[in-house]
Amino acid sequence: MKSIQLELPENVATELEQLVRAGWFRSEGELLKAALTEFVRRHRLELEEQFQRDDIAWAVREKGPQA
């Protein structure tokens, strides 16, 4: 498993702490893992399509004008 260190705005960190204290999650790490997993699940197709569009645009620019 990979570890990631990140800095959060104070208000976001406070919200996370409150959710953990309220018992919604066992730890801030568990909360962040759940949030990121859900983000990826919801946006995977959209992100893949955007990456493909970006790759196609790059290839068209690299090819240059046709003579």
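Reader: What span does helix 1 reach from its first C-alpha to its last?

Author: In this predicted model, helix 1 has 12 residues. At 1.5 Å a residue, the expected span is 16 Å. The first-to-last C-alpha reach of helix 1 is close to that, at 16 Å.

Reader: Which residue follows helix 1, and what is its phi?

Author: Helix 1 covers residues 10–21. Glycine 23 follows helix 1, and its phi is positive, near 90°.

Reader: How are helix 1 and helix 2 oriented where they pack?

Author: Helix 2 spans residues 28–63, and its axis lies 9 Å from that of helix 1. The angle between the two is about 110°. Angles of 65 to 115 degrees count as roughly perpendicular, so helix 1 is, relative to helix 2, roughly perpendicular.

Reader: Which residues of helix 2 make the contact with helix 1?

Author: From helix 1, the contact uses Leu16, Glu17, Leu19 and Val20. By class, the contact has five nonpolar, no polar and two charged residues. On the helix 2 side, the residues are Glu28, Leu31 and Leu32.

Reader: What is the volume of the largest pocket?

Author: Its lining includes Met1, Ile4, Leu32 and Leu36. The lining residues divide into five nonpolar, three polar and two charged. The largest pocket has a volume of about 250 Å³.

Notes. Residues are numbered from 1 along each chain as its sequence is written. This is a predicted model: local features need pLDDT of at least 70, side-chain atom pairs count only at pLDDT 80 or more; totals for chains, interfaces and linings use all residues. Side-chain values use heavy atoms; hydrogens and water are left out. Axes are lines fitted to C-alpha atoms, for helices over the stretch in contact, and angles run from 0 to 180 degrees between N-to-C directions. Helices (H or I, at least four residues) and strands (E, at least two) are DSSP runs, numbered from the N terminus. Angles under 35 degrees count as roughly parallel, over 145 as roughly antiparallel, 65 to 115 as roughly perpendicular and the rest as oblique. Contact means heavy atoms within 4.5 Å. Ala, Val, Leu, Ile, Met, Phe, Trp, Tyr, Cys and Pro count as nonpolar, Asp, Glu, Lys and Arg as charged, and the others, Gly among them, as polar. On a 1 Å grid over the protein atoms alone, a cavity is a set of points where a 1.4 Å probe fits but cannot get out, and a pocket is an open set with protein on both sides within 12 Å along at least five of seven lines; lining residues have an atom within 4 Å of a point. Grid points are joined across faces, edges and corners, and a volume is the space filled by probe spheres set on the points. The expected span of a helix is 1.5 Å times one less than its number of residues.
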